[in-house]
Amino acid sequence: MPPTAAPGTAADSAAHTAGRGDVVLSQVTKTFGSMTAVHDLDLEVQAGEFLSMLGPSGSGKTTVLRMIAGFEDVTSGSIRIGGDEITRIPPHQRPVNTVFQDYALFPHLTIAENVAYGLKVRGQSRAARQAAVAEAIDQVRLGHVADRLPHQLSGGQRQRIALARALILRPRVLLLDEPLGALDKQLREEMQIELKRIQRDVGITFIFVTHDQEEALTLSDRVAVFNDGRIEQVGTAREVYEYPQTEFVARFLGLSNILPAPVAEKLTGTAAAISIRPERVRLLERDADAPTTAGDVVVEGTVAEIVYTGPTTRVLVDAADGLRLIAETQNTHHPAADVHVTRGDRVRVAWAADHAAVLP
């Protein structure tokens, strides 16, 4: 099992928050009356990084984004961008721009006019605006729609135009508040790939708010997992998924088998709760001679439920001590490799001990 001091904890992030990042939040707190929305938060975002702030509704992630943008005042603490203190600077003077879920395009302006709007407000010449707009729209691969109105575009196209309008102002940091939330699943997945390409092409810092775990893992260089106004863990997508540092992170990022400390100690000798992902749990079915390896943890139980999801099949197994384990098997569509159990069957499940994460 990985050590309890695995990389990517919120404490680790705070420990090396020393002003080296592009965006640095130090001991930031936000209160609304008697309610504290954000508690003494430390976070460092590197230049050119795609960082997602992930958490359920009410966890504080959007409030943090709004404080970086300047739309909410900081109760205490400080925010720096590029080494400059911006905590009390008004929004329009900050080197950031924000993309919202509702696109906020002007319905009576063409796409080109929408993208050019910020430059027009800044007083740039028509010639300079036209060149910049052409480049920005081409960057999101929508040069062919420049003369259309917003209602003539699909949701995904409107979102890309909103990105172009934000990026044309060359912000140091782009803030994105659930920008894909209004899209259907297929279009959302397509836009995730497109958004990552755009971020890689422009090379600026993206800070992205989402409650969608798969979206955060797909897009991000690092993920900050929020809960109740605090960061539970910061790390790469692999770190927070494979090595969750709290039970909340383990449960929030996909399915996880959580073994309470007494059960974990009985099975593994570890006197702490552990988390093991369902895809790491092997179903041994009926065969008493099914192979295991040294270091495997093996548990016997009864099949309680079988769930077909398309790509995978999940088998829920009830074991001793009230423990329910989920084993997830990839569907290969080869009959010999399919799951061959039914509800009520006695089975064994196994996992490699070093595939489990210790939960402090």
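Biologist: Let's start with Arg188: is this residue buried or exposed?

Modeller: Buried means under 20% relative accessible area, exposed means over 50%, and partly exposed lies in between, using a 1.4 Å probe and protein chains only. Arg188 has a relative accessible area of 11%, so it counts as buried. Keep in mind that this is a predicted model, where local features need pLDDT of at least 70, side-chain atom pairs count only at pLDDT 80 or more, and totals for chains, interfaces and linings use all residues. Residues are numbered from 1 along each chain as its sequence is written, and side-chain values use heavy atoms, with hydrogens and water left out.

Biologist: Where does Arg188 lie, and which residues does Arg188 contact beyond its neighbours in sequence?

Modeller: Helices (H or I, at least four residues) and strands (E, at least two) are DSSP runs, numbered from the N terminus. Arg188 belongs to helix H6, residues 185–202. A contact means heavy atoms within 4.5 Å. Setting aside neighbours within four places in sequence, Arg188 touches Leu180, Gly181, Leu183, Thr210, Asp212 and Glu215.

Biologist: How do I read the packing of helix H5 and H6?

Modeller: Look at the axes, which are lines fitted to C-alpha atoms, for helices over the stretch in contact; angles run from 0 to 180 degrees between N-to-C directions. H5 (residues 155–167) packs with H6 at about 20 degrees, and their axes are 11 Å apart. Angles under 35 degrees count as roughly parallel, over 145 as roughly antiparallel, 65 to 115 as roughly perpendicular and the rest as oblique. H5 and H6 are therefore roughly parallel. On the H5 side, the residues include Gly155, Gln159 and Leu163, and on the H6 side they include Leu187, Met191 and Ile198.

Biologist: What about helix H3 and helix H4?

Modeller: H3 (residues 111–121) and H4 (residues 126–139) pack at about 125 degrees, with their axes 9 Å apart, and are therefore oblique to each other. In H3, Ile111, Ala112, Val115, Ala116, Leu119 and Lys120 meet Arg129, Ala132, Val133, Ala136 and Ile137 in H4.

Biologist: Now the strands, please! In what order do the four strands of the open sheet come?

Modeller: Two strands pair if DSSP finds at least two bridges between them. The order here is S2-S1-S4-S5, with antiparallel pairing. Strands S2 (35–45) and S5 (84–85) are the edges, each pairing on one side only. Strand S4 (residues 76–81) joins S5 over two bridges, with Asp84 in S5 as the partner of Ile81. Helix H2 (residues 61–69) lies across S1 (23–32), S2 and S4, at about 115 degrees to S1.

Biologist: Which way do the side chains of strand S6 point?

Modeller: In a regular strand the side chains alternate between the two faces of the sheet. In S6 (residues 96–99), Val96 and Thr98 point one way while Asn97 and Val99 point the other, and all are buried. S6 runs parallel to strand S7 (residues 173–177), joined by four bridges, and Val99 stands opposite Leu176.

Biologist: And how many residues lie between the strands in the hairpin of S9 and S10?

Modeller: There are two residues between the strands, and Asp228 in this hairpin takes a positive phi near 55 degrees. S9 (residues 222–227) and S10 (residues 230–235) run antiparallel, with five bridges joining them.
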